[in-house]
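Q: Hey, I'm new to this one. Can you walk me through what's on the screen?

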Amino acid sequence: MISTEAAATAREQSRARYHDADGYVERDGVRTYWERYGEGAQTLLFVPPWAIVHSRCWKLQVPYLSRHFRVVTFDPRGNGRSDRPQEPEAYAELEYAEDALAVLDASETDRAVLVTLSLGVQRSLVLADRHPDRVEGLFVIAPALPLAPPHVERALHSFDDEPDGHEGWAKYNRRYWLRAYEDFLWFFFENSLNEPHSTKQTEDAVGWGLETTPETLIATELAPSLGEEAVRGLASRVRCPVLVVHGDRDRISPHARGVALADATGGTLVTLEGAGHLPQARDPVQINKLLREFAESVRPSLPPARSWRRAKRRRRRAVYVSSPIGLGHARRDVAIANEL
């Protein structure tokens with residue numbers, strides 16, 4: 001494992017944009033770290049997925065979207081700069097939902113579009129159900145929830161028993177994590193990022209996974225979970241707009257789950273052909289475009305104020321024909337334009 005200090009240093013050095021505000025919220029002795037970017041009228045709250053990663057998993061969304069919206073991210077309890085309680089009960093979906101609510105309050109956010117990935121959809125549904133007045137919309141990527149069966153190969157192995165081997169999904173095992181945690185991370189993220197040319201994204205994700213411990217991930221796996229009936233009940237009570245984005249080559253959570261969630265919420269499904277489990281990392285331009293369009297449809301912006309000025313009050317303009325020879329004339333041309 002790398003030290004928390006070294007991880008924080010590496011994290012700061014790789015930023016495309018720095019936050020405008022940050023802080024911690026504390027609930028029952030557990031601190032959650034959050035950051036805010038931009039000053040837009042509408043807020044996007046990025047709800048974290050499994051604690052195997054932290055808020056840097058959104059690093060290709062924040063710089064672009066914070067030019068158009070107010071963006072709030074937070075590290076999940078269990079990774080990043082947030083605390084790492086060891087009791088499984090601390091990682092229940094309700095706890096994550098209450099952390100998200102506390103971040104909304106701390107960042108002075110009245111309402112937000114929730115943006116989430118994988119397991120994050122479950123805590124987002126809980127928040128939307130318990131506090132519908134705080135949620136403008138749900139943008140869900142690759143939902144991992146029990147609305148459709150898992151991939152067959154993932155259901156063949158026990159999480160608790162000694163694994164029969166060390167290949168494939170037999171690595172998804174608490175005993176194997178304690179013995180060979182980094183090997184599990186490489187296996188998991190190579191399957192999460194199964195598109196060609198995903199080496200850099202896989203390396204990033206493994207690095208984020210190494211910022212927590214196998215003991216912490218085991219606690220998250222043993223936490224109280226939401227069953228199919230509970231999830232269907234939450235989904236049926238969603239009243240805000242929902243957009244589900246799911247890759248049809250997702251090896252972690254089947255595409256059928258995205259179909260089922262869109263149907264259960266009355267939302268819209270966008271299928272990404274050839275995409276895996278982490279399209280926000282592999283296809284960020286498409287994800288950012290979809291997210292911006294969705295958020296703007298949830299709260300359409302007012303048309304800009306218009307004005308008109310009579311001719312004598314207008315600023316003087318001229319057509320200036322410049323020599324096309326060499327860039328060295330640029331400063332001269334600017335000086336002449338300023339004099340005119």
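**Walking through the model**

A: Let's start at serine 107, which sits in the loop between helix H3 (93–106) and strand E5 (112–117). Helices (H or I, at least four residues) and strands (E, at least two) are DSSP runs, numbered from the N terminus.

Q: And what kind of model is it, and how are residues numbered?
A: It is a predicted model, where local features need pLDDT of at least 70, side-chain atom pairs count only at pLDDT 80 or more, and totals for chains, interfaces and linings use all residues. Residues are numbered from 1 along each chain as its sequence is written, and side-chain values use heavy atoms, with hydrogens and water left out.

Q: Back to serine 107: buried or exposed?
A: Serine 107 is buried, at a relative accessible area of 3%. Buried means under 20% relative accessible area, exposed means over 50%, and partly exposed is in between (1.4 Å probe, protein chains only).

Q: What does serine 107 touch?
A: Apart from neighbours within four places in sequence, serine 107 is in contact with Trp34, Arg70 and Val72. Contact means heavy atoms within 4.5 Å. Its side chain also makes a polar contact with the side chain of threonine 109, at 2.9 Å. A polar contact is a pair of N or O atoms within 3.5 Å; within protein, one must be able to donate a hydrogen and the other to accept it, and residues adjacent in sequence count only if both atoms are side-chain atoms.

Q: Let's zoom out. How many helices and strands does the protein chain have?
A: Twelve helices and eight strands. The protein chain has 340 residues, and 51% of them count as buried.

Q: What share of the contacts comes from residues 24 or more positions apart?
A: In the protein chain, such pairs account for 72% of the contacts with a separation of 6 or more.

Q: OK, helices. At what angle do the axes of H3 and H4 cross?
A: Roughly 65°, and the axes come within 8 Å. Axes here are lines fitted to C-alpha atoms, for helices over the stretch in contact, and angles run from 0 to 180 degrees between N-to-C directions.

Q: Which residues make that contact?
A: From H3 there are Glu93, Leu94, Tyr96, Ala97, Glu98, Ala100, Leu101 and Leu104, and from H4 there are Gln122, Arg123, Val126, Leu127 and Arg130. By class, the contact of H3 with H4 has eight nonpolar, one polar and four charged residues. Ala, Val, Leu, Ile, Met, Phe, Trp, Tyr, Cys and Pro count as nonpolar, Asp, Glu, Lys and Arg as charged, and the others, Gly among them, as polar.

Q: What about serine 124, where is that?
A: Serine 124 is in helix H4, and it is buried with a relative accessible area of 1%. Not counting residues up to four places away in sequence, serine 124 touches Val47, Leu114, Thr116 and Leu138.

Q: What does H8 pack against?
A: The buried residues of H8 pack against helix H4 (120–130) and helix H9 (255–265). Those buried residues of helix H8 (residues 228–236) are Val231, Gly233, Leu234 and Ala235.

Q: And leucine 226, where is it found?
A: Leucine 226 is in the loop between helix H7 (214–221) and H8. It is partly exposed, at 22% relative accessible area. Beyond its neighbours within four places in sequence, leucine 226 has contacts that include Val126, Pro146, Val231 and Leu234. Leucine 226 and proline 146 are 80 residues apart in sequence and 8.1 Å apart in space, C-alpha to C-alpha.

Q: Switching to strands: where is glutamate 136, and is it buried or exposed?
A: Glutamate 136 is in strand E6 (residues 135–141), and it is buried, with a relative accessible area of 6%.

Q: Which side chain does the side chain of glutamate 136 make a polar contact with?
A: That of arginine 299, at 2.8 Å. Glutamate 136 also touches other residues, including Gln42, Arg111, Cys240 and Val298.

Q: Last one: what is phi of serine 118 and of histidine 197?
A: Phi of serine 118 is near 55°, and phi of histidine 197 is near 60°. Most residues other than glycine have a negative phi. Serine 118 is in the loop between E5 and H4 and is buried at 10% relative accessible area. Histidine 197 is in the loop between helix H5 (174–192) and helix H6 (199–209) and counts as exposed, at 75% relative accessibility.
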